[in-house]
Every structure is written in structure tokens, then in C-alpha cells.
Amino acid sequence: MSVFARRALVPVHRVLFTHRSAHVSVSIWRRLYTTPIVNSTTPLANTTLVKNTGLRVLFFGQGAVGIECLKQLIKELRSDPSCLSTIEVICLPAKYEASKEEEGGPLPKPGSAKVKGQKKKNFMARGRINKPNDTLETTSVSDVASSAGLRVRYISQAPGRPPQISFFDQHDAFKFDIAVIAMSLRQVPMNLIKGIRLGALKVHESLLPKYRGPTPMQTAILNNEEVTGVSIVECRDGRDEGRILAQVPYTVPSDTTYKDLSLALGHLGSRLLVKTLQNLEYTRKLAVQQDDSQATYSPVYKTEDFKIVWETMGAKEIYRKYRAFHGFVPIHTIWRRKDIMNVLLIKGMTMPNPKLPLMTEDFYNRPPGTMFFMRKSPYIEVPCIDGDRLHLTLLRVVGRTDKTAQQFVNGYLRLNGGLRMLTNPVERKKPTPKFVYPPGHPKENVDQECLDDDVGF
């Protein structure tokens, strides 16, 4: 048995990765450092590892996973010896990566002059959510690449057209040996990288074939998965259905958010990617085909998926949705102030300790979505349809800045328990309707009094 084969079966030390907002502790086996492939049917005794040298890499990256992968590739490029010779980066523009959650700004107030070219609406919805990119990152892939002196090209995509790369054609693809993709395949022009000699590898944030598609981390949190992971797969025809070269699992903490999970899997996947490139020929020899019968898919989420539905969603479901999209797109609800419907983004939320006393004795007599507060309390308490409660700690009215619970109370709220968040906007100059409980609920026939203190018409 060879040296590498003996080492492949010996468990070693715990590898500890730390970050300011994520703490990852993962037991990694020695064979992840020789051959990350999980394939017990292959005899390791007769296998010889061949370390690749001088690969010319075309890197596609976005978000926290893309940043971590690029940092590890740069570190490998500067090491001696190195399996890489050059790296060229293709990414989205930095302004797009760090774009705001809202776009457009407020609509005119009732009674104001009509804006030219704008149709009259029967309700006022202030602000809108259509930018799925609240990454909360201070840096971007282009910043990391520029600081390392790498050449950067940008992806542009017009509505209804495939993505394109500025000053890049199929002849440029022949200059590279392999492409590494650490972003959504929907934003990668696959037709331009078909000429790359060794094809493309995809860093996918799940244990394939589970959760194929663009949003595996969000879907794993929404489905309350206890274990996820990172896969290095061959990317063919713009899909993540190719052979698996490497996989490593990761235990999902019970209170993790999308932002924390992306940082954790970024640390894990970036190191796995470098080890795979170092032993590319060997890992491809032991690659495993995906079982299509076990495949599941993650969807493309739309604006409606980020909305809180107070009539049907319990506290745990709302909190799980908050965790799944925190750092991607904030979940939102409708907040009425006088005759204007504002989109209210929930930027901070916690599940309170059940032993914590209620803010008022009238708490469970009010409908779900009602805001209860105390002037010096760091949170706003909200009842839910299942009889549980949530604490809101950070909020933003679209078009305004982030506000803590205390700032929001001091700036907007007057009567404790007198304002209720809504699922859908209300027609202008009409009072806020009473809350309608779903059929079969214990309070279905209870007459709820409307005490909204900001109806003001």
C-alpha cells in the first residue's frame, strides 16, 4: 500500500476556521488532503497522485463564497511550488454586488402634483423590492482581484439577453487551461468558455445531487436541514449535473443565517477547491456520477417569497425565513403611516426566551403583526398566528436608513399596541381592515378592534 493510501484512511486534527460573524469547526479526514473524493470502491493501493503545475485559471466569482475561493487561489498562486501559473477574474461590477435593497425611491404623497408619465394608482405603496442582492459585504470579488494585481473583466446582462463578458470572445478562452465558477451559473456565459482545455469546475454549496440550482443555502435553511456541505463538480452545458470530484459535509447550526452559512461554506469550499486543483488528474480519475433519481432542486426566489404573511405564518416559520434570506434580501411587510403604505424591511430579528415576561397583559388579545414596545427596550415585540412571538431589533423603511427598535419607536410609534403590520397594502382613504383569522383558528369568530394610531385620513 502506498504512502498516500495509508494516509487516506487516517483521521487527523480538527481544522478550525474563524470569522468575525461565523465560527466553523469541522473534522476533516486526511484523505481530503490527498483525494477529496468519497469513493470507497476504488482501490487506493495501486493509485499514484500526480500534482498539477502551471494551470492557467479563468475564475468566475460572486459573494462571500467567491471572495473566499479567490483569496485561496491567490494564496496558492503566490506559494512555491504552486499548481497555478495565472489567474484572470470575471465577475459582476462592484456597484451591482453592493447595491441597495431598494430601487426607485418613494412615490408622490396623496394630493401632490402628478408625476409626468406616471399612472394614477388607488393605493400608495412607498418603495419596492426588486434587487436580490443585499450581500452585507464590505468588499467584493473585484476589490480582492484588483488589490492582488489580477486582470478583471466584468459581466454585463441586458434584460432578456444572455450574459456577456466585455472584451472577451471564444478565442480568448483558448488561453486558459481550466475555468473555476463560484457564482450562479445563470450569470455565466457558458458558450464563451467551451474552448477551455480542461473544462469548468463549479463550487456548489450543497451535497449534490441534493439542491441543484442557484439557491442551495437559502433552501437548506428554509427546509430546516441539519447537514449541508460543499461539492466540487464538473460543469457541463451550463448545469451543475456533472461528475462530483470532491465533497465535504457541514453541520448547520440551529440559529445560523444565510450570511453566516455562506461565510462558513466559503472557508470550507475554498480549501477544498485548491486541494482539488492540486490533484486534478487524480480526482477526475475517481470522480463519481450523480444519481439523478436522488436529485432535488433549489428555486429562483421572487419578491413574493420575501413577504411576511401574518395570516398563515407562525413565529418559527417567519424566523426561519428571516434566517434564510438575511444577507441576501431582507424579508418585508407593509407598514401604514397615515395614508401611505410603506415597505418595511426586517433587518434584525430574534426568537425570545419563552420565560421572558410579556410587555403587556393585553398581548395575546391583539391580532398578529401588532407592535408592542417600551421606550427603553432594545426590541419590538410582535405576536404571531401560532400564539408565539418575535422580537424585532433592526428595521428600515424603504427609502430611509436602518433604525434600531428604540429609534423606530421614538420616530414613528405613539400608542403601544396601536399599530399593526399588514400583509398587503390597503386602498387609500380607507381604514385598515380587521384581521381575518384562518378557518379553524380559536379566534376565528372573535371581533378584533382596529386601533391603528396612524390611519390619519
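Y437 sits in the segment after α11 (405-412). This is a predicted model, and Y437 is one of its buried residues, with a relative accessible area of 7%. Along the chain, Y437 and P367 are 70 residues apart, yet their C-alpha atoms are separated by 8.7 Å. Here's a quick tour of the rest.

**The chain overall**

- You're looking at a protein chain with 11 helices and 16 strands.
- The chain runs to 457 residues, and 53% of them count as buried.
- Take the contacts with a separation of 6 or more: 71% of these in the protein chain come from residues 24 or more positions apart.

- Mean pLDDT for the protein chain is 77, with 72% of the residues at 70 or more.

**The α3/α8 pair**

- Two packed helices are described by the angle between their axes and the distance between the axes.
- For helix α3 (residues 63-78) and helix α8 (residues 258-278), that's an angle of about 35° and axes 8 Å apart.
- The crossing of these two, α3 and α8, is right-handed.
- On the α3 side, the residues in contact are A64, V65, E68, C69, Q72, L73 and E76.
- On the α8 side, they are S262, L263, G266, H267, G269, S270, R271, L273, V274, L277 and Q278.
- Sorted by type, the residues of this α3 and α8 contact come out as 8 nonpolar, 7 polar and 3 charged.

**Helix α10**

- Why call α10 (residues 315-325) largely enclosed by the rest of the structure? Because 8 of its 11 residues are buried.
- Those buried α10 residues are A315, I318, Y319, K321, Y322, R323, A324 and F325.
- What do the buried residues of α10 pack against? Their partners are helices α7 (216-222) and α8, plus strands β12 (331-337), β13 (340-350) and β15 (389-397).
- After α10 comes G327, with a positive phi near 100°.

**The stretch between β9 and α7**

- The L208 to P209 peptide bond is cis, with omega about 10°.
- P209 belongs to the loop between β9 (200-204) and α7.
- Y211 is in the loop between β9 and α7 too, and its phi is positive, near 60°, in a residue other than glycine.
- Is Y211 buried or exposed? At 7% relative accessibility, Y211 counts as buried, because the cut-off for buried is under 20%.

**Other spots to look at**

- D80 and P81 are joined by a cis peptide bond with omega of about 0°, and P81 falls in the loop between α3 and β4 (84-91).
- N224 is a residue other than glycine with a positive phi, near 60°; you'll find N224 in the loop between α7 and β10 (227-235).
- Y250 is part of strand β11 (residues 244-251), and at 6% relative accessibility Y250 counts as buried.
- From Y250 to G229 is 21 residues in sequence, but 4.7 Å in space, C-alpha to C-alpha.

Methods: Residues numbered from 1 in each chain as written. Predicted model: local features only at pLDDT ≥ 70, side-chain atom pairs only at ≥ 80, totals over all residues. Heavy atoms only, no water. Helix = DSSP H or I, 4+ residues; strand = E, 2+ residues; numbered from the N terminus. Buried < 20%, exposed > 50% of the residue type's maximum accessible area, 1.4 Å probe, protein only. Contact = heavy atoms within 4.5 Å. Axes fitted to C-alpha atoms, helices over the stretch in contact; angles between N-to-C directions. Left-handed = near helix turned anticlockwise from the far one by under 90°. Nonpolar A, V, L, I, M, F, W, Y, C, P; charged D, E, K, R; others polar. pLDDT = per-residue confidence, 0-100.
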